[in-house]
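Hi there,

Have a look at it first, and then read on.

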Amino acid sequence: MTAEEIRATLTLCLMASYADGEKHDREREQIREVAQGLAGDAQVNLPGLYQDVLLRRVQLPEVLGRLASPESRQLAYEMAVCVCEADGHTSAKEDAFLAQVRQAWGLGGALTTGGFDAEAQAVADAPLQAPLQTPLDASTAPATPAPHPAAADALPTTAAQRRPGSLPPAEMDRKILQASIMNGAIELLPENLSTLAIIPLQMRLVYQIGQSYGYELDRGHIKDFLATLGVGLTSQYLEQAGRKLLSGLLGKAGKGLLGGLGRQAVSSSMSFAATYALGHVANQYYAGGRTLSTDMLKDAYQHVMQDGQQLQARYLPQMQATARQLDTAKILSMVRGG
């Protein structure tokens, strides 16, 4: 894609992220931080695009007119759908926004309602209760004990507060590591649905950790927990997909695995580290009887994220091996609990 097409695609995604007009201030700030964090490409100038959208200096017909080829339109539309689905079901305003895009570009039939839209909704509706599947065979599974971050153990809890868990500590560490490797592997794939699938798999991990300590969590609680840590669902998808788009990986079959080790490492490190930190902080939170303050949780998440980023290179070969076993159909089946 040209720089102008990338600018138009990212502008459309930012417009989709604000289409419902109901973003919490916390999520708006996370989206702004994503724009700042992806500011490395001067030609794209994502912070400037963010300001254009926020101040309504750009209109939808103008943005849509910058994307002419069927391929660029399809990719941009899929990204907009994923942005709307990232935090759950699309709202009526988001549906109307996507309908405007379809109408302007003449999209319809199997291309949308019966195809990608339905698949994206199925990912967003992924059941929490399904097992966390890891297609790691003997050749790709970590042979050594899973690491355990000291930063998570530093969270203050008393023996009286700690709840017994259904998994031994070493097995919980392994569970979190395998989930991190899986999400890092998924992030290596170029398809939009693959990137979107990481969010429900992270939510499922939190659900299962809570369940292991006797808590039956619902989606609302898990979303609030993620938001407390600073993990915004829409902003996380935007950051992951934005990095892929800017590096030329998104939407190009085969490029996720063949596009170069350096770019793969950058792409997978965020999902691996975020899942690793999310799992270990959730483990301490529910083991400690949910008594930790917001500031404690945020601070621990940032410290464990740093641990995860340092571990990512060690486990990149396992992520690459796992990614070679995956395709969109397998990921959809996994997310649906099949």
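A question to start with: is Arg66 buried, exposed or partly exposed? At 26% relative accessibility, Arg66 is partly exposed. On the scale used here, buried means under 20% relative accessible area, exposed means over 50%, and partly exposed is in between (1.4 Å probe, protein chains only).

Before the rest, some ground rules. This is a predicted model, in which local features need pLDDT of at least 70 and side-chain atom pairs count only at pLDDT 80 or more, while totals for chains, interfaces and linings use all residues. Residues are numbered from 1 along each chain as its sequence is written, and side-chain values use heavy atoms, with hydrogens and water left out.

**Confidence**

The protein chain has a mean pLDDT of 82 (the predictor's confidence in each residue, from 0 to 100), and 82% of its residues reach 70 or more. Confidence is highest in helix α4 (residues 60–65), with a mean of 95, and lowest in helix α13 (residues 255–258), with a mean of 40. Two stretches deserve a flag. Residues 109–114 have pLDDT below 50, and the model gives this stretch 10 contacts beyond near neighbours in sequence (a contact means heavy atoms within 4.5 Å). Across residues 252–266 pLDDT also stays under 50, with 22 contacts beyond four places in sequence. Where pLDDT is low, the predicted coordinates should not be read in detail.

**Overall make-up**

The chain has 16 helices and 0 strands. These are DSSP runs numbered from the N terminus, with helices being H or I of at least four residues and strands being E of at least two. Of the 338 residues in the protein chain, 54% are buried. Among contacts between residues at least 6 apart in sequence, 85% join residues at least 24 apart.

**Salt bridges**

Back to Arg66, then. The model has 4 salt bridges, each defined as a side-chain nitrogen of Lys or Arg within 4 Å of a carboxyl oxygen of Asp or Glu. Arg66 pairs with Glu4 at 3.6 Å, N to O. Because Arg66 lies in the loop between α4 and α5 (70–85) and Glu4 in helix α1 (residues 3–17), this pair ties together parts that are 62 residues apart in sequence. Arg66 also meets Glu62 in a salt bridge, at 2.6 Å, N to O.

Another of the salt bridges joins Arg57 and Asp52, whose closest N and O atoms are 3.0 Å apart. Arg57 is exposed, at 52% relative accessible area, whereas Asp52 is partly exposed, at 22%.

**Around helix α3**

Helix α3 (residues 46–54) has Leu46, Pro47, Gly48, Leu49, Tyr50 and Val53 buried. After α3 comes Arg56, which has a positive phi, near 55 degrees.

**Cysteines**

How many disulfides does the model have? The count is 0, where a disulfide is a pair of cysteine sulfur atoms within 2.5 Å. For Cys13, the closest cysteine sulfur is that of Cys82, 8.7 Å away and too far for a bond. Cys13 is buried, with 0% relative accessible area, and Cys82 is buried too, with a value of 0%.

The axes of helix α10 (residues 192–212) and helix α11 (residues 219–229) come within 10 Å and cross at roughly 105 degrees. That makes α10 roughly perpendicular to α11. Axes here are lines fitted to C-alpha atoms, for helices over the stretch in contact, and angles run from 0 to 180 degrees between N-to-C directions. Angles under 35 degrees count as roughly parallel, over 145 as roughly antiparallel, 65 to 115 as roughly perpendicular, and the rest as oblique. On the α10 side, Met203, Val206 and Tyr207 meet Arg219, Ile222, Lys223, Phe225 and Leu226 of α11.

Thr275, in helix α14 (residues 261–287), is buried at 0% relative accessibility. Leaving out residues up to four places away in sequence, Thr275 touches Ile176, Ala179, Ser180, Asn183, Gln202 and Leu205.
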